[in-house]
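Dear colleague,

Please find below the structure I am handing over to you. My notes on what was found in it follow directly after.

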Amino acid sequence: MNASVIRFRLDLLVRLIDTATGGSVEERNVRFFRDGKAVRPIARGGGNYVFLNCGREDFELEVRVYGYDPFRMPVRYEALEDAMPVTEAFLIPSENGSGGHPVLGLSGCLPGIQSIQAVNVNATCCCISEFDERRRIMKLFGVHRSGMDGIYYGLIHPDRQDYEPFAVQKEIGKDSVKIDHPLKEPFSVNAPISRIIFGSVTDRGDYCIRVRDDREHLLHLVRYVVGDETRFQMVDFHRPESGLL
């Protein structure tokens with residue numbers, strides 16, 4: 001009797017991330033669409049979903065999750081790792097809030113906008129003490145109890161009112177991390193670090209970014225790219241009357 005062998009290949013891992021908290025999306029009312037057709041990846045917990053033996057042709061991914069705006073993005077395999085193709089879906093909580101948490105938003109239309117994100121200048125997680133450029137290791141101090149449990153952060157330059165985004169690749173003890181690239185901008189010791197909140201843009205120039213309404217002061221430094229120009233604007237989400245300039 002011949003034994004049959006069934007092989008499974010991981011063709012895509014999708015991580016669902018709540019932009020307002022930086023944490024995984026645990027909501028179970030989730031639907032996926034591949035080029036407009038409903039598909040059913042396997043839930044692995046922690047907001048992770050895997051596509052097995054579905055092929056690696058490029059496609060348009062859409063994710064609809066209760067309590068969040070619909071998310072759409074192109075999946076391009078040339079930009080993903082062959083051994084572990086992973087993509088992240090940054091889900092923006094809907095205006096009605098998710099899980100009972102109210103949110104505040106900034107939205108509008110700015111022709112040519114390519115991306116939008118922000119950091120909360122009143123909710124920093126730690127500060128930088130030094131940086132080893134060759135090893136890409138950042139030493140920290142004042143790390144909060146939760147540590148840097150996310151991936152995407154901004155190193156704030158208070159004197160210039162801007163920040164440099166970076167991604168944490170590896171934690172090295174409780175007060176050091178290895179990041180994805182050497183820092184490009186000069187920084188001062190004690191410069192604060194805050195988690196990045198991602199927004200969305202469309203080809204028409206519509207933009208949207210939302211934050212949790214969970215504190216008295218909601219002052220955020222918004223970073224947005226228009227054409228080839230990176231701009232920054234300080235926004236109070238309790239009074240975002242002007243929109244982006």
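Please bear in mind that this is a predicted model.

Strand β9 (residues 103–109) runs antiparallel to β18, and 7 bridges join the two. Within this pairing, C109 has D206 of β18 as its bridge partner. Strand β18 spans residues 206–212 and is mostly covered, with 5 of its 7 residues buried.

β18 also pairs with strand β17 (residues 200–201), again in the antiparallel sense, over 2 bridges. Here S200 stands opposite C208 of β18. The two strands β17 and β18 form a hairpin in which 4 residues lie between them. In that turn, G205 has a positive phi of about 100 degrees.

The second topic is the largest nonpolar core, which comprises 20 residues; among these, L16 and F32 touch the most other members. At least two residues of this core come from each of β1 (10–18), β2 (30–34), β5 (48–52), β6 (59–65), β7 (71–75) and β8 (86–91). The most is given by β6, which supplies 4 residues. In soluble globular proteins, nonpolar side chains tend to be buried together.

Apart from its neighbours within four places in sequence, F32 is in contact with V14, L16, K37, A38, V39, P41, Y49, F51, L61, E62 and V63.

With kind regards

Key
Residues numbered from 1 in each chain as written. Predicted model: local features only at pLDDT ≥ 70, side-chain atom pairs only at ≥ 80, totals over all residues. Heavy atoms only, no water. Core = buried A, V, L, I, M, F, W, Y, C linked by side-chain atoms within 4.5 Å. Buried < 20%, exposed > 50% of the residue type's maximum accessible area, 1.4 Å probe, protein only. Contact = heavy atoms within 4.5 Å. Pairing = 2+ DSSP bridges.
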